[in-house]
Amino acid sequence: KRPAGAPDPALARKVGKVGVVGAGLMASQMALLFARRLEVPVVLTDLDQARLDKGVGYVHAEVDKLLAKGRASQDQANRLKALVSGSLTKDAFADADFVIEAVFEDLAVKKQVFREVEAVVSAECVLATNTSSLSLTEMGAELAHPERLVGFHFFNPVAVMPLLEIVKGAATDDVTLATAFATGRSLRKSSVLVKDAPAFVVNRLLTCFMGEVVAAVDEGTPLEVAEHALDGLGLPMTPFALLQLVGPAVGLHVAETLHAAFPDRFGASGNLAKLVAAGKPGVYRPDFSLDPDAVALFAGG
Ligand code: 3HC
């Protein structure tokens, strides 16, 4: 069944090669998924060799896990590893049909990325962004071909979460949208078309959910209590575990975007900002016990 608002699937272009800008965790997870489900070459780019090696290393380690679990044969594992490569220059995107960025959540940075990508790709290449909250329309404003820009928003962990938000900017055309839906289907994701509005749909809900628990802590509920207050609801993760998964900096960025757009509905969290400013990777230590530094920060210490 065609998802609500999706254009005629016959308009979709074939995707024979994928480019991923960024080699961080989200980008590497995406690279593996594209290689695994589309069975096409995937090139990651980043600013330096160390980041590239880390991204490609992540993909190889995940492929080894699939092999160990019996989810991939030795042949498939070898093929998957060979499909994913790293490149320091975007020239490697010259013959790509679909380029997606997963770089830092900053509009100016993303605009610069797409300027560089547009200079090397073919006229038919779809440009996609994994932004969590930024405006598609603004991101595409200076592109020569803004009609080929589409939002393609995954959820963490990318391999597991079935949802994909597909975002239509003011200029996005039907060929681009159809290609995005076809690609989402090949990735075996459940795609929904959402409006180009701050944080789209899902991150608004998650920010309400996480934001209210963070606010309860800001107001004096001990972190340990707030963390487990929802245990009885049978949620897959507690709010702070979710915050840890998406990363406090990403969570704060989405919260700030929503606060700026809808100040009457989304508050600002002083303590979450403090956590990010302190450079803390999260509220947990590697053994998943609460980090005393994070607890102290949230308690105003
Ligand atoms: N990468 C790859 N696979 C992973 C993974 C990861 N990071 N984490 C878990 N998995 C896999 C496991 O390997 C396992 O696979 P298997 O069945 O082949 O063994 C499967 O997922 C289930 O994992 P577990 O049994 O270890 O753990 P759970 O059953 O508790 O599930 C979870 C883990 C799927 C992460 C679950 O806790 C969950 O659904 N949490 C909520 C996640 C969520 O809400 N994400 C959205 C975040 S918001 C976002 O990303 C948007 C951004 O813009 C901010």
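**Reading the model step by step**

Student: Where is Ala-123 found?

Tutor: Ala-123 is in the loop between helix 4 (107-120) and strand 5 (126-129). Helices (H or I, at least four residues) and strands (E, at least two) are DSSP runs, numbered from the N terminus. Residues are numbered from 1 along each chain as its sequence is written. Please keep in mind that this is a predicted model, in which local features need pLDDT of at least 70 and side-chain atom pairs count only at pLDDT 80 or more, while totals for chains, interfaces and linings use all residues.

Student: Does Ala-123 count as buried or exposed?

Tutor: The general idea is to count neighbours: a residue is buried if 20 or more other C-beta atoms lie within 10 Å of its own, exposed if 12 or fewer, and partly exposed in between, with C-beta atoms placed from the backbone. Ala-123 counts as exposed because it has 8 C-beta neighbours inside 10 Å.

Student: Which domains does the domain assignment give?

Tutor: Domain bounds come from an automatic or database domain assignment, and here the protein is given domain 1 (9-195) and domain 2 (202-298). The centres of the two domains, taken over C-alpha atoms, are separated by 28 Å.

Student: How many residues of domain 1 are in contact with domain 2?

Tutor: Two residues are in contact if their C-beta atoms, placed from the backbone, lie within 7 Å. By that rule, 6 residues of domain 1 are in contact with 8 residues of domain 2. The side of domain 1 that touches domain 2 has 1 nonpolar, 3 polar and 2 charged residues. For these classes, Ala, Val, Leu, Ile, Met, Phe, Trp, Tyr, Cys and Pro count as nonpolar, Asp, Glu, Lys and Arg as charged, and the others, Gly among them, as polar.

Student: What does UniProt place at residues 200-282?

Tutor: In an unreviewed entry, UniProt places the feature "domain: 3-hydroxyacyl-CoA dehydrogenase C-terminal" at residues 200-282. UniProt positions are given in the numbering used here, feature names are shortened, and annotations may be inferred rather than shown by experiment. In the model, the span 200-282 is 64% helix and 0% strand. The UniProt annotation "domain: 3-hydroxyacyl-CoA dehydrogenase NAD binding", also from an unreviewed entry, covers residues 17-196, and that span is 42% helix and 21% strand.

Student: Which residues come nearest to the ligand?

Tutor: A residue is near a molecule or strand if its C-beta atom, placed from the backbone, lies within 6 Å of it. Of the 17 residues around the ligand, Ser-132, Phe-155, Asn-156, Pro-157 and Pro-236 come nearest. The shell divides into 13 nonpolar, 3 polar and 1 charged residues, and helix 9 gives the most to it, with 3 residues. The ligand lies between domain 1 (9-195) and domain 2 (202-298), because both give residues to the shell around it.

Student: What is the peptide bond from Asn-156 to Pro-157 like, cis or trans?

Tutor: That bond is cis, with omega near -5 degrees, and Pro-157 has its place in the loop between strand 6 (149-153) and strand 7 (163-168).

Student: Where is Gly-151 found, and is Gly-151 buried or exposed?

Tutor: Gly-151 is found in strand 6, and Gly-151 is buried because 25 other C-beta atoms lie within 10 Å. Leaving aside neighbours within four places in sequence, Gly-151 is in contact with residues including Thr-129, Leu-136 and Ile-166.

Student: Which residues touch the most other members in the largest nonpolar core?

Tutor: In soluble globular proteins, nonpolar side chains tend to be buried together. A nonpolar core is a set of buried Ala, Val, Leu, Ile, Met, Phe, Trp, Tyr and Cys residues joined through C-beta atoms within 7 Å. Of the 72 residues in the largest nonpolar core, Val-20, Met-30, Ala-31, Val-42, Val-99, Ala-128 and Val-150 touch the most other members. The largest share of this core, 8 residues, comes from helix 1 (residues 25-38).
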